[in-house]
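User: I would like to learn how to read the main features of a protein model. Could you walk me through them, one at a time?

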Amino acid sequence: MSESDPDPPANTGYDEWADALADGGYFIECANGHGSLPPRRVCPECGSTDLAEEPLPETGEVATFSEVHVAPSGFGEDPPYVTAVVEFGSVRLTGIVRDLSAEEVEIGTVVRPDVERNDATGNRLIVFRPT
């Protein structure tokens with residue numbers, strides 16, 4: 001048995017999807033019109049394996065949001081900050097809102113997705129910026 005640290009979990013498909021999100025993004029849609037976010041091999045709604053990549057709309061609308069006052073350990077964001085769930089047509093993304101305070105964000109605020117690096121972890125972080 002080795003005493004070295006185990007390999008971190010694989011981000012199979014996620015890294016490629018995050019790279020694509022930085023350039024406009026895509027979502028997965030089955031033949032029945034159900035949208036989902038990658039990586040996917042099967043539609044989570046109906047089980048179809050007939051999936052296609054569709055372009056993610058350039059903007060979305062905030063469906064719900066929360067102001068975070070206590071950040072998770074090791075996350076790297078200095079509170080307070082705003083997280084939001086944003087609707088992009090048939091799919092939703094969760095991320096951190098940039099350039100707006102909690103007082104400025106409303107249900108229906110139009111934002112565009114982007115990707116940044118989390119300073120604490122080095123992982124990709126989905127963010128939203130106002131349009």
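User: Let me begin with a side chain: is Cys46 buried, partly exposed or exposed?

Analyst: Buried means under 20% relative accessible area, exposed over 50%, and partly exposed in between, using a 1.4 Å probe and protein chains only. Cys46 has a relative accessible area of 37%, so this residue is partly exposed. Keep in mind that this is a predicted model, where local features need pLDDT of at least 70, side-chain atom pairs count only at pLDDT 80 or more, and totals for chains, interfaces and linings use all residues. Residues are numbered from 1 along each chain as its sequence is written, and side-chain values use heavy atoms, with hydrogens and water left out.

User: How many disulfides does the structure hold?

Analyst: A disulfide is a covalent bond between the sulfur atoms of two cysteines; here the criterion is a pair of cysteine sulfur atoms within 2.5 Å. The structure holds zero disulfides. For Cys30, the nearest cysteine sulfur is that of Cys43, 3.8 Å away. The closest cysteine sulfur to that of Cys46 is also in Cys43, at 3.7 Å, which is too far for a bond. Cys30 counts as buried because its relative accessibility is 4%.

User: Which residues have the most contacts inside the largest nonpolar core?

Analyst: In soluble globular proteins, nonpolar side chains tend to be buried together. A nonpolar core is a set of buried Ala, Val, Leu, Ile, Met, Phe, Trp, Tyr and Cys residues joined through side-chain atoms within 4.5 Å. The largest one has 22 residues, and those with the most contacts inside it are Trp17, Leu21, Leu56, Val86, Phe88, Leu93 and Phe128. Two or more residues come from each of H1, strand E1 (26-30), E5, E6, E7 and E8, and E5 gives the most, with four. Another core lies apart, with five residues including Val68, Tyr81, Ile96 and Leu125.
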